[in-house]
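User: I'm new to this protein and would like to learn how to read its features one at a time. Can you walk me through it?

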Amino acid sequence: MKVIIGGKNNIAIGVAKHIKENLPDVELVAVFNRNDDGVDGHQLSFKKYCLENDLRSVSLDEAYVEKGDVFLSLEFDRIIKPSKFKHEKVFNIHFSKLPQYKGMYTSALPILNNESESAVTFHYIDDGIDTGDIIYQKVFSIDLNETAKSLYSKYINYGTQLVIENIESILYGQCSGKKQSAVDSSYYSSSSINYRCLEIDLNKTAIEVKKQIDAFTFRDYQLVELFSTKVLGAEILDEVSGLKPGSVISENEQFILLSTVDYNLKVYKDCLDSLLEASSCNNLTEVKSLINPFNINEKNEKGWSPIIVAAYHGSLDVIAYLVENGADINDINNNGTSVFMYAKNFALKSFNREYLEKLIDLGADVNLKDFHGLDVFDYVAMNKQQEQIEFMEKFR
């Protein structure tokens, strides 16, 4: 059997990796997105993965005439013409609760419209835009403080999971699709949001202003600016607004207090760089002054969060405080490197057993593997330092 995957990012890699490791009779062929330059970013490069694993690649035109059995579109960047294939197993994963939110910007629009849930949908590709019959769908909740980036992460995780859970039926079975309802259907084109000129309409209710900020928060691409200041997250207060909507009630280094149509809104300024610096030097006082519900698990372009930085530098007081306030002790960077993996670097400088034991007490998982399938013990073994290997073996 031959399966052609057109797509990008962790979802294309996750599905390809699962097939490669579990279905040896399947030949994998890749079609890359036009903007995949083979370099890992906040998501891993599918092109890089394929080159490293000797997976053959073709163009889309070549894929049409390739003698294949299944085509999987996993965040593919071009419109597929199913009639050009020599088979009918032409599928797509769409990041929305179809028939709602066909088209673009599904990480922003459900937040902007204050939806309580979204979904990942596996469907047949037909001649329309995300209009094919629905085969599988996984619905999940949208949190109050969901951002475009955190919603996108959910799409990737749930989407990968949905395809892998059903992969044998997809490849070997006869998928049964259900026609999409016309009643609940909606579509958004590329002109729905102008990302070149994002402006927050402050003449709105508190929840409407907050949702605008959250919907456009995706650090790898942009953060919202208010009054020439980058912001990250907003908290609705119980105080009824008494000033004109959009008026600044007060401001300090941490936040801007705004009046809206109904309730006052505390909009937090982006201070991630300062927070990471404070975390690196175990400056608990500074961390406490900077931390808020929106930046505690926030990551920079390298995927470093406050707890990852604190772990690498041995800032135990900060780590304990962050965990107590909601930080993920098993957080990972863009490559899947975990908090405990970072912590081992500091511990090995002085063979500090107590430091690692305290992280384990806080819930650190020593057996996590990164996106290359390596755990902390594999990394230590690579250094070929027997003393370090023996030190770490005691934590298995």
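Analyst: In general, most residues other than glycine have a negative phi, and most peptide bonds are trans. Bear in mind that this is a predicted model, where local features need pLDDT of at least 70 and side-chain atom pairs count only at pLDDT 80 or more, while totals for chains, interfaces and linings use all residues. Residues are numbered from 1 along each chain as its sequence is written, and side-chain values use heavy atoms, with hydrogens and water left out.

User: Which residue with a positive phi follows α11?

Analyst: That's glycine 326, with phi near 110°. Glutamate 75 isn't a glycine, yet its phi is positive too, about 65°; this residue sits in the loop between β4 (70-74) and β5. Aspartate 130 has phi near 60° and belongs to the loop between β7 (117-124) and β8 (134-141).

User: Is glutamate 75 buried or exposed?

Analyst: Buried means under 20% relative accessible area, exposed means over 50%, and partly exposed is in between (1.4 Å probe, protein chains only). Glutamate 75 comes out at 15%, so it counts as buried. Aspartate 130 is buried as well, because its value is 13%.

User: Where is the cis peptide bond?

Analyst: Look between leucine 98 and proline 99, where omega is about 15°. Proline 99 is part of the loop between β5 (90-94) and β6 (102-103).

User: How many helices and strands are there?

Analyst: The protein has 15 helices and 14 strands. They are DSSP runs numbered from the N terminus: H or I over at least four residues for helices, E over at least two for strands.

User: What do the buried residues of α12 pack against?

Analyst: An α-helix has 3.6 residues a turn, so residues three or four places apart point the same way. In α12 (residues 339-350), the buried residues include Val339, Phe340, Ala343 and Ala347. The buried set packs against α10 (306-312), α13 (353-361), α14 (376-383) and α15 (386-393). Helix α11 (residues 316-324) buries Leu316, Val318, Ile319, Tyr321 and Leu322, and these pack against α8 (272-280), α9 (284-290), α10 and α13.

User: Which residues touch the most other members of the largest nonpolar core?

Analyst: In soluble globular proteins, nonpolar side chains tend to be buried together. A nonpolar core here is a set of buried Ala, Val, Leu, Ile, Met, Phe, Trp, Tyr and Cys residues joined through side-chain atoms within 4.5 Å. The largest has 63 residues, and Ile5, Phe46, Leu72 and Phe122 touch the most other members. Helix α5 (residues 148-165) gives the most to this core, with seven residues. A second, separate core of 36 residues includes Val287, Val339, Leu359 and Phe391.

User: What does isoleucine 167 touch?

Analyst: Contact means heavy atoms within 4.5 Å. Not counting residues up to four places away in sequence, isoleucine 167 touches His18, Ile19, Leu23 and Leu72. Isoleucine 167 lies in helix α6 (residues 167-172) and is buried, at 3% relative accessible area. Isoleucine 19 is 148 residues from isoleucine 167 in sequence, but they are 8.2 Å apart in space, C-alpha to C-alpha.

User: What share of the whole protein is buried?

Analyst: Buried residues make up 51% of the 396. As for overall extent, the C-alpha trace spans about 65 × 65 × 30 Å along its principal axes.
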